[in-house]
Amino acid sequence: MHKAFRRGDCTASGDTCYAAGDTGAKLGENGDVTEGEPLGTLPIQANDLDAPVQRFRLEVTAGPDAGASFTSRGELTTIGTHRNADLVLTDPTVSRFHCEIRLVAGRAVVRDLESKNATRVDRVQVMAAPLSSGATLTVGQTVITFRLEGEVVRLPTSPRRRFGTLVGASVAMRRVFAILERAAASDSTVLLEGETGTGKEAVAESIHRESARSGGPFVVVDCAAIPANLLESELFGWRRGAFTGAVEAREGAFEAASGGTVFLDEIGELAPELQPKLLRVLERREVKRVGATQHESVDVRVVAATNRDLRAEVNARRFRSDLYFRLAVVEVRLPPLRERPDDIPPLVEHLLESLGGAGSPGAAPLREPAFLEELGRHAWPGNVRQLRNYLERCLTMNERAPVETSAARSDLDIDLSRPLREVRELHSRDAERRYLEAVLRHHQGNVTAAARTAGVERPHFYRLLWRHGLK
């Protein structure tokens, strides 16, 4: 079933509600609270509002498009034959979205997007690999030279360190905030991409709360949790008598969200037969209930999220390209926690408050600098959700649980005060959790691919992730 929230509602975890234009408490560097300043303002230098990213150039040196070139405009560049790629090629052996080059922490990394003819760096086939200036990329029958340039591109960065319920002082998160601020000021459809646990639902709700639609409902539909044969009814509703048991008409998520926002989580799991129906909603803002003959207009803003790469899904023809571009009017990539370790101290404070344990005796050891530094060394494959569950466990047990900094341990700590049955269960669950973390990390948060590697059905894999706080 879909979930609906209205203005003023807060989650049970104690997240604070904020709306666009609000002013309120500002957290000082020492954690003190002052009143009357714009919410989440962060003291920074003026030139930090446009964070620099090094520019690079792609030159096609062989293939049908020899002589073509492209100069980067931001952190992400896509190569392919689709008209919406950045470097558009005509080579028929190149996929629609063949590969991407992303700048991460000052380093350029190329990643294959499940292309039909692979991506090679200096003639070596790769799934993902760093690029040095002068490296050659081979995609299909096309050869491209990658060159770093001396110039930089300046990307807008928000001065805020809070956006709705989100917390982040790192440049990576303040770049995200800058995009979210613009998205909230419009009615454009937003596509959120990121690994599991990066807080996509919190981002969607924060966009809603800071938008002109904040007084309307916020309706959540998890496309992965609802069987495909029931999802159409959940999204669009049904008329009375549409099927056995439909004794009354029922509105779907889009009608329930009228005047507000509908959040479609795990949109990459949407069945092919439902994709054209969702496309109609996005294009015409109208729905047709199951069993009905007429379409009804709906006034909704759509935010969708996925941990899949929908461009790879388009390549594999599992996802319609026209639907992808209707969803990705504003595209936001949420950085994993390992890419923003500087955010861990403010996140810990925020999470302790949301858990209701900020003032408890057990919280003091969790604020110690050495402990926060240790947390920053952890990979956190389950991202913010995993960090929250870890802190909750520490508060519950009133002690700091060990934080593993590697995917596996050479030995197990045996507690001889417990019977064999308890120790066996404890370490069985520990091994299961570490396996799930490792397989998620290997597939960069792609749940479907991870479930395939684990040899279990995707619904069961989701249940395992929930059990261990990784989803």
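Guide: Let us begin with burial: a residue is buried under 20% relative accessible area, exposed over 50%, and partly exposed in between, with a 1.4 Å probe and protein chains only. By this rule, F56 and F146 are both buried. This is a predicted model, in which local features need pLDDT of at least 70 and side-chain atom pairs count only at pLDDT 80 or more, while totals for chains, interfaces and linings use all residues. Residues are numbered from 1 along each chain as its sequence is written, and side-chain values use heavy atoms, with hydrogens and water left out.

Visitor: How is the pair formed by F56 and F146 described?

Guide: A pair of aromatic rings is described by the distance of the centres and the angle of the planes. Rings of Phe, Tyr and Trp (its six-membered ring) pair if their centres lie within 6.5 Å; planes under 30 degrees apart count as stacked, over 60 as edge-to-face and the rest as tilted. The whole structure contains 9 aromatic pairs. F56 and F146 form a tilted one, with 5.2 Å from centre to centre and 45° between the planes. This pair links distant parts of the chain, 90 residues apart: F56 belongs to strand β4 (residues 50-62) and F146 to strand β14 (residues 142-156). Such labels come from DSSP runs numbered from the N terminus, helices being H or I of at least four residues and strands E of at least two. Elsewhere, ring pairs join F97, Y324 and F325 into a cluster.

Visitor: Which strands make up the open sheet of 5 strands, and in what order?

Guide: Two strands pair if DSSP finds at least two bridges between them. The order here is β7-β6-β8-β9-β12, with mixed pairing. β7 (87-88) and β12 (128-130) stand at the edges with a single partner strand each, so one side of each has no neighbour in the sheet. Within the sheet, β8 (residues 99-104) and β9 (residues 107-112) pair in the antiparallel sense over 6 bridges. E100 has R111 in β9 as its bridge partner.

Visitor: How many salt bridges does the structure hold?

Guide: A salt bridge is a side-chain nitrogen of Lys or Arg within 4 Å of a carboxyl oxygen of Asp or Glu. There are 32 of them in the structure. One joins the side chains of E269 and R308, at 3.0 Å from N to O. It links distant parts of the chain, 39 residues apart: E269 lies in the loop between β21 (261-265) and α5 (275-284), and R308 in the loop between β24 (301-306) and α6 (310-315). Both E269 and R308 are buried.

Visitor: Are E373 and R377, which form another salt bridge, buried or exposed?

Guide: Both E373 and R377 are exposed, and their closest N and O atoms are 3.8 Å apart. Salt bridges that share partners also join E100, R102, R111, D309 and R311 into one network. Within it, D309 and R311 approach to 2.9 Å between their closest N and O atoms. D309 counts as buried because its relative accessible area is 13%, and R311 is buried at 5%.

Visitor: How many disulfides does a search of the whole structure find?

Guide: A disulfide is a covalent bond between the sulfur atoms of two cysteines. The test is a pair of cysteine sulfur atoms within 2.5 Å, and the search finds 0. C99 is buried, at 0% relative accessibility, and C223 is buried at 4%.
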